[in-house]
Amino acid sequence: RAIAMYTLTSAAKTPAPSAWTLEASDDGQHWTVLDTRKGERFPWARQTRAFGISQVGAHRYYRFRFEGDAPKALAEIGLLGH
């Protein structure tokens, strides 16, 4: 599927991540970076934020890599296509 945007919704109590990378792959072995964010904030619980992807393309697999060692949580991840 091709995705053009994604949404992240912060959890009710645990802080949301502030830095992450979204990657895509067609074989599950070789990954391409689609988007990287740092210093993002979710000011309130259960806030949904949308993020655009500049390199839109159809891929078989998608994954997020979240940075940092402290516990973080999200209530929902949404991948939005055409």
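Predicted model: local features only at pLDDT ≥ 70, side-chain atom pairs only at ≥ 80, totals over all residues.
Residues are numbered from 1 along each chain as its sequence is written, and side-chain values use heavy atoms, with hydrogens and water left out.

Back to the strands. Strands here are DSSP runs of E, at least two residues, numbered from the N terminus. Strand 1 covers residues 2-10 and runs antiparallel to strand 6, with seven bridges joining them. Two strands count as paired if DSSP finds at least two bridges between them. In strand 6, Leu-79 is the residue opposite Tyr-6.

What does strand 1 do with strand 4? The two pair in the antiparallel sense, over seven bridges. The open sheet therefore has three strands in the order 4-1-6, with antiparallel pairing. Strand 4 (48-58) and strand 6 (74-81) are at the edges; each has a single partner strand, so one side of each has no neighbour in the sheet. From one strand to the next, the twist averages 20 degrees; axes are lines fitted to C-alpha atoms, and angles run from 0 to 180 degrees between N-to-C directions.

Is strand 1 mostly covered or mostly open? Mostly covered: seven of its nine residues are buried, where buried means under 20% relative accessible area, exposed over 50%, and partly exposed in between, with a 1.4 Å probe and protein chains only.

Next, Thr-48, which is found in strand 4. Thr-48 stands opposite Thr-9. Leaving out residues up to four places away in sequence, Thr-48 touches Thr-7, Leu-8 and Thr-9, contact being heavy atoms within 4.5 Å. Thr-48 and Ser-10 are 38 residues apart in sequence, yet 6.6 Å apart in space, C-alpha to C-alpha. Thr-48 counts as partly exposed because its relative accessibility is 49%.

Last, the surface. Which residues make the nonpolar patch of about 250 Å²? Phe-66, Ile-77 and Leu-79. Patch residues have over 30% relative accessible area and no salt bridge, and nonpolar side chains are joined within 5 Å, like charges within 9 Å. A salt bridge is a Lys or Arg side-chain nitrogen within 4 Å of an Asp or Glu carboxyl oxygen. Areas come from the Shrake-Rupley method with a 1.4 Å probe. Phe-66 lies in strand 5, residues 61-66, and is partly exposed at 37% relative accessible area.

Terms used. Helix = DSSP H or I, 4+ residues; strand = E, 2+ residues; numbered from the N terminus.
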